[in-house]
Amino acid sequence: MVFECKDQPKKGLYLAYQALSTLLVRLPLWAAWYLPPCTRPRPSWSWAHTLAVQMVRHVTYVTTVVGGIRPRPDWRAIAPTGGDAEGVWVPGAPDLITGDLKTFAHVSEVEPQSIPGYWYSTPGTTTTPRPPSTPADTDKVFYCLHGGGYIQLSAHPSDHTANITRSLVALGCAPRAFALEYRLSATHPYPDRFPFPAALLDAVAGYAYLVRDVGYRPQNIILVGDSAGGNLALALVRYLVESRQNGAPPGQLLLLSPWTDLSLRAAHNTGSSLSNTADYLGDPDTRRGLYSKEAYLAPYGLRFAAVNRYVSPVVAGARFCGFPRTFVTAGTAERFLDQIRALAGRMGADMGVGAEGVVLYEARDAVHDYLAFGWHPGRAGTLQAIKEWLR
């Protein structure tokens, strides 16, 4: 069971125990054990890097038990940003929900609704593009969908995934980025809420907001998704490609350690999901990973992932004709490596490989979603490769 200590006083007691035991026992033991290079999970990892990954792994485990160490902003309100970004409300787009997506929404009993989003910008640029600073025909924008397994994290600048958004804006390829606070899924021991396709309804609304309300041309939108956000970005593009009356797809697609396969282990190659134990993510078919799938796929059941093109496109045999040019990143130490390679291979077969098709960039010995961590040594090279690809 996950989140077994989500309620007080068990949560407070458990967190106090973990804080003390980590400070007094775990950190000293890790520091001593990993001092010799031969004991580190990857030969290229430094001592400090190894300790950082161990700490992220442990914090990830703790949040699986308590359900979150601190409150995070979510879709219910625009949280104060301290001037680092500007929050806006995004209206739902019920007129754009048609075909299979409308059917899925009906089965899941989810509807379009207003949700927050946060604008980020380069210094000297107005944060929100409003008159007289509306976008020109050539202005580009990053449209960012954060990770978190569809059950956690946030688009708010206080969340560590905002490191990705800030880093992309700093590249100078687009003066602004818009990060969407889509609705998150949950199931027992929390009340059931917002299964598939709630997040996709929100992603469609965010895209419509950029095009219809703000005035960006679709070809100037750079759609970005990390981890589960990459899964959501793929679903959004698929919907736009298959439902052309609802808007043209974005001009570029940037997938950062995308979670592309939510099916059960028997349905796909499990090599890296079992062998890359240096990653801070646990086995994707146990505890947190399984909970994410159960929360997101209710009421359809776990087997739904293997046949639905919006959820697990490669396993479901979906095609990628009509998708925009795409840049995919992966760390060679991450659990999702095999499924990311499979995605890039399938996309390349339909779109071609290279600058005008699909580019797969693998960061040596990098963990999952490494661009979200400011200390990670793989960030600089990856960001430079992205910058060159965006030119």
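Author: R166 is partly exposed, with a relative accessible area of 28%. (Partly exposed lies between buried, under 20% relative accessible area, and exposed, over 50%, using a 1.4 Å probe and protein chains only.) D84 is also partly exposed, at 35%. These two side chains meet in a salt bridge, 2.5 Å from N to O. The term means a side-chain nitrogen of Lys or Arg within 4 Å of a carboxyl oxygen of Asp or Glu. The pair links distant parts of the chain: R166 sits in helix α4 (residues 162-170), D84 in the loop between α2 and β1 (86-90), 82 residues apart. Helices (H or I, at least four residues) and strands (E, at least two) are DSSP runs, numbered from the N terminus.

The model is predicted: local features need pLDDT of at least 70, side-chain atom pairs count only at pLDDT 80 or more, and totals for chains, interfaces and linings use all residues. Residues are numbered from 1 along each chain as its sequence is written, and side-chain values use heavy atoms, leaving out hydrogens and water.

D365 bridges to R42, with the closest N and O atoms 3.0 Å apart. D365 is in the loop between β8 (358-363) and α10 (379-390), and R42 in the loop between α1 (10-33) and α2 (47-66), 323 residues apart. Both D365 and R42 are buried.

R183 and D202 form another salt bridge, at 2.9 Å from N to O. R183 lies in the loop between β4 (176-180) and α5 (198-214), D202 in helix α5, so the pair ties together parts 19 residues apart in sequence. R183 and D202 are buried too.

A network of salt bridges links D100, R238, E242 and R309. The whole structure holds 13 salt bridges.
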